[in-house]
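Dear colleague,

I am passing the structure below on to you, together with notes on what came out of the analysis. Please read the notes with the coordinates open beside them.

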Amino acid sequence: MSLFSQRLKELRTDRGLSMKELAKEIEATDAAVCNWENGVNEPKLAYIIKLCVYFGVSADYLIGLSDS
């Protein structure tokens, strides 16, 4: 599992969200969120931006380039 996948799952579960709920918030499918968390696929830049805005984190943090 990539650092991105781990951080995405951690951010989602810390907020108490299901994959389906997160998908609805960022206008993605729950299958896409599941695939991102399981390392099957990586999101397009547009979804990375939506995730960063939603969770209030930097892209560097989300993709594993920074720990803060």
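Where is the place of Asn41? Asn41 sits in the loop between helix 3 and helix 4, where helices (H or I, at least four residues) and strands (E, at least two) are DSSP runs numbered from the N terminus.

Before going further, please note that this is a predicted model, in which local features need pLDDT of at least 70 and side-chain atom pairs count only at pLDDT 80 or more, while totals for chains, interfaces and linings use all residues. Residues are numbered from 1 along each chain as its sequence is written, and side-chain values use heavy atoms, with hydrogens and water left out.

Not counting residues up to four places away in sequence, Asn41 touches Asn35 and Trp36, contact being defined as heavy atoms within 4.5 Å. The C-alpha atoms of Asn41 and Ser5 are separated by 9.6 Å, although these residues are 36 apart along the chain.

Helix 4 spans residues 45-55, and within it Ile48, Leu51, Cys52 and Phe55 are buried. These residues lie on the same side of helix 4, because they cover an arc of only 100 degrees around the axis, the arc being that of the directions from the helix axis to the C-beta atoms. Just after helix 4, Gly56 takes a positive phi of about 70 degrees.

The largest nonpolar core has 18 residues, of which Leu8, Leu22, Trp36, Leu51, Phe55, Val57 and Leu62 touch the most other members. Such a core is a set of buried Ala, Val, Leu, Ile, Met, Phe, Trp, Tyr and Cys residues joined through side-chain atoms within 4.5 Å. Helix 1, helix 2, helix 3, helix 4 and helix 5 are the elements that give two or more residues to this core, and the largest share, four residues, comes from helix 4. For Val57, the contacts are Leu11, Cys52 and Leu62, again leaving out residues up to four places away in sequence.

Leu45, Ile49 and Val53 form a nonpolar patch on the surface, with about 330 Å² of accessible area together. Patches are made of residues with over 30% relative accessible area and no salt bridge, like charges being joined within 9 Å and nonpolar side chains (Val, Leu, Ile, Met, Phe, Trp, Tyr) within 5 Å; the areas come from the Shrake-Rupley method with a 1.4 Å probe, and for residues only the protein chains shown count as cover. Val53 lies in helix 4 and is exposed, with a relative accessible area of 66%. Ala46, also placed in helix 4, counts as partly exposed at 47% relative accessibility.

Salt bridges

How many salt bridges does the count come to? The count comes to three, a salt bridge being a side-chain nitrogen of Lys or Arg within 4 Å of a carboxyl oxygen of Asp or Glu.

In one of them, the side chains of Asp67 and Arg7 meet with an N to O distance of 2.6 Å. This pair links distant parts of the chain, with Asp67 in the segment after helix 5 and Arg7 in helix 1, 60 residues apart. Asp67 is exposed, with a relative accessible area of 68%, whereas Arg7 is buried at 9%.

Arg12 forms a salt bridge with Glu37, the closest N and O atoms being 2.5 Å apart. Here Arg12 in helix 1 and Glu37 in helix 3 are 25 residues apart; Arg12 is buried at 8% relative accessibility, and Glu37 is buried at 2%. Leaving aside neighbours within four places in sequence, Arg12 is in contact with Leu17, Ser18, Met19, Leu22, Glu37 and Phe55.

Glu27 forms a salt bridge with Lys50, with 3.0 Å between the closest N and O atoms. Glu27 lies in the loop between helix 2 and helix 3 and Lys50 in helix 4, so the pair ties together parts that are 23 residues apart in sequence. Glu27 counts as exposed at 59% relative accessibility, and Lys50 as partly exposed at 30%.

With best regards

Terms used: Buried < 20%, exposed > 50% of the residue type's maximum accessible area, 1.4 Å probe, protein only.
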